[in-house]
Amino acid sequence: MTAKILIADDNPVMREAIVRFVEAEGYVALAARNGREALNLALEELPDLVLLDVTMPDYDGFEVCRRLKEDPRTALIPITMLTVLDAPEHRWRGIEAGADDFLTKPFDERLLRARIQSQLRTKRLTDQLERTESVIFALALAVEAKDMYTEGHLWRLAYYGEQLATAAELGHDIRRAVWQGGLLHDIGKIGVADSILRKPAPLTPEEYAQIKQHPESGARIIAPMRFAREVAPIVRGHHEHWDGSGYPYGLRGAEIPIGARIIAIVDAYDAMTTDRPYRRALSPERAIQRLRARSGIQWDPDLTMLFITLIEQKRLIAPNDASIAHHISAV
């Protein structure tokens with residue numbers, strides 16, 4: 001598919017010159033006369049590259065760049081800012097706004113061609129990663145679909161975990177990692193036999209040994225992903241216990257990544273309050289009793305009490321179809 005390049009410049013001579021060059025190179029050119037047009041066109045067309053002038057009416061290039069980088073739909077589109085030669089402050093302001101590259105005006109065609117090719121190559125690699133990550137999330141949901149008793153479990157964990165992370169006043173990056181970790185925490189079970197996952201009776205030691213491999217298996221599956229550094233510790237550590245009795249490494253207390261501690265709590269609560277092959281769901285009140293009893297033993301005591309507060313104050317919100325659909329589009 002032919003790459004689309006958005007050219008945003010309020011100077012008609014410069015804009016048309018770049019448009020002609022881009023089209024001559026075989027790309028589809030999209031032209032914007034000001035910052036507002038550039039922002040709207042980028043959101044509508046989702047180009048593969050944005051060539052963005054710094055000085056424009058309505059919104060300047062820095063504001064357009066910042067808004068595009070903050071929007072999940074456009075955050076991964078490379079942005080090359082067009083600056084004048086005698087304005088070095090444009091570079092640091094562009095870096096702060098999230099710009100990926102810079103070109104000083106006037107520029108020669110060889111340099112423009114090389115920069116375009118480089119940025120489009122980056123975009124293609126990013127798109128490949130995005131598709132791979134989408135497959136990974138689809139695999140996680142396929143694991144859940146193997147067990148009729150866990151329908152919706154992953155989405156609830158993602159939402160509950162994100163709410164607990166927010167209540168704990170954790171940063172945006174950690175909250176997002178917790179949300180992703182909620183969806184992916186059991187992806188390692190893709191290699192566990194259905195007969196074990198669906199067994200309505202206690203597991204044998206051999207079967208339990210297979211189950212205990214899934215955190216490490218899951219971490220290996222997501223290792224190539226961009227988000228692996230933040231999410232893999234959650235996947236690997238969600239069965240560790242506060243007192244060191246968990247698996248796979250027997251981590252204790254604050255050695256356990258905070259995202260894993262969060263997912264461990266919400267995972268236990270959701271398991272207790274949903275029907276399983278071996279028992280009926282517990283009431284929220286009964287589940288809270290069990291959380292209190294194991295606080296400081298199995299789960300982080302501070303996070304457990306914070307989660308109980310969310311439940312008791314009716315501030316814990318379960319996902320609905322509309323909110324799930326929104327997050328699916330973001331994934």
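**A first look**

Guide: This is a predicted model. One place to begin is Gln180, which sits in helix α7, residues 172-184.

Visitor: Is Gln180 buried or exposed?

Guide: Gln180 is buried, because its relative accessible area is 7%, and the cut-off for buried is under 20%.

Visitor: Which residues is Gln180 in contact with, leaving aside its neighbours within four places in sequence?

Guide: Phe137, Phe227 and Val231.

Visitor: Switching to the sheet. What is the strand order?

Guide: The sheet is open and has 5 strands in the order β2-β1-β3-β4-β5, with parallel pairing. The edges are β2 (28-32) and β5 (101-105); each has a single partner strand, so one side of each is left without a neighbour in the sheet. On average, neighbouring strands are turned by 20° against each other, direction ignored.

Visitor: And how many bridges join β4 and β5?

Guide: Strand β4, residues 79-84, pairs with β5 over 5 bridges in the parallel sense. In that pairing, Met81 has Phe102 of β5 as its bridge partner.

Visitor: Which strands does helix α4 touch?

Guide: Helix α4 (residues 89-97) packs on the sheet and touches β4 and β5, with its direction at about 155° to that of β5. Helix α1 (residues 12-24) lies across β1, β2, β3, β4 and β5, and runs at about 165° to β2.

Visitor: New topic, cavities. How many of 30 Å³ or more are there in the whole structure?

Guide: The search finds 1. The largest cavity holds about 40 Å³ of space.

Visitor: What lines the largest cavity?

Guide: Its lining includes Glu240, Trp242, Arg261 and Asp300. By class, the lining has 5 nonpolar, 1 polar and 3 charged residues.

Key
Residues are numbered from 1 along each chain as its sequence is written. This is a predicted model: local features need pLDDT of at least 70, side-chain atom pairs count only at pLDDT 80 or more; totals for chains, interfaces and linings use all residues. Side-chain values use heavy atoms; hydrogens and water are left out. Helices (H or I, at least four residues) and strands (E, at least two) are DSSP runs, numbered from the N terminus. Buried means under 20% relative accessible area, exposed over 50%, partly exposed in between (1.4 Å probe, protein chains only). Contact means heavy atoms within 4.5 Å. On a 1 Å grid over the protein atoms alone, a cavity is a set of points where a 1.4 Å probe fits but cannot get out, and a pocket is an open set with protein on both sides within 12 Å along at least five of seven lines; lining residues have an atom within 4 Å of a point. Grid points are joined across faces, edges and corners, and a volume is the space filled by probe spheres set on the points. Ala, Val, Leu, Ile, Met, Phe, Trp, Tyr, Cys and Pro count as nonpolar, Asp, Glu, Lys and Arg as charged, and the others, Gly among them, as polar. Two strands pair if DSSP finds at least two bridges between them. Axes are lines fitted to C-alpha atoms, for helices over the stretch in contact, and angles run from 0 to 180 degrees between N-to-C directions.
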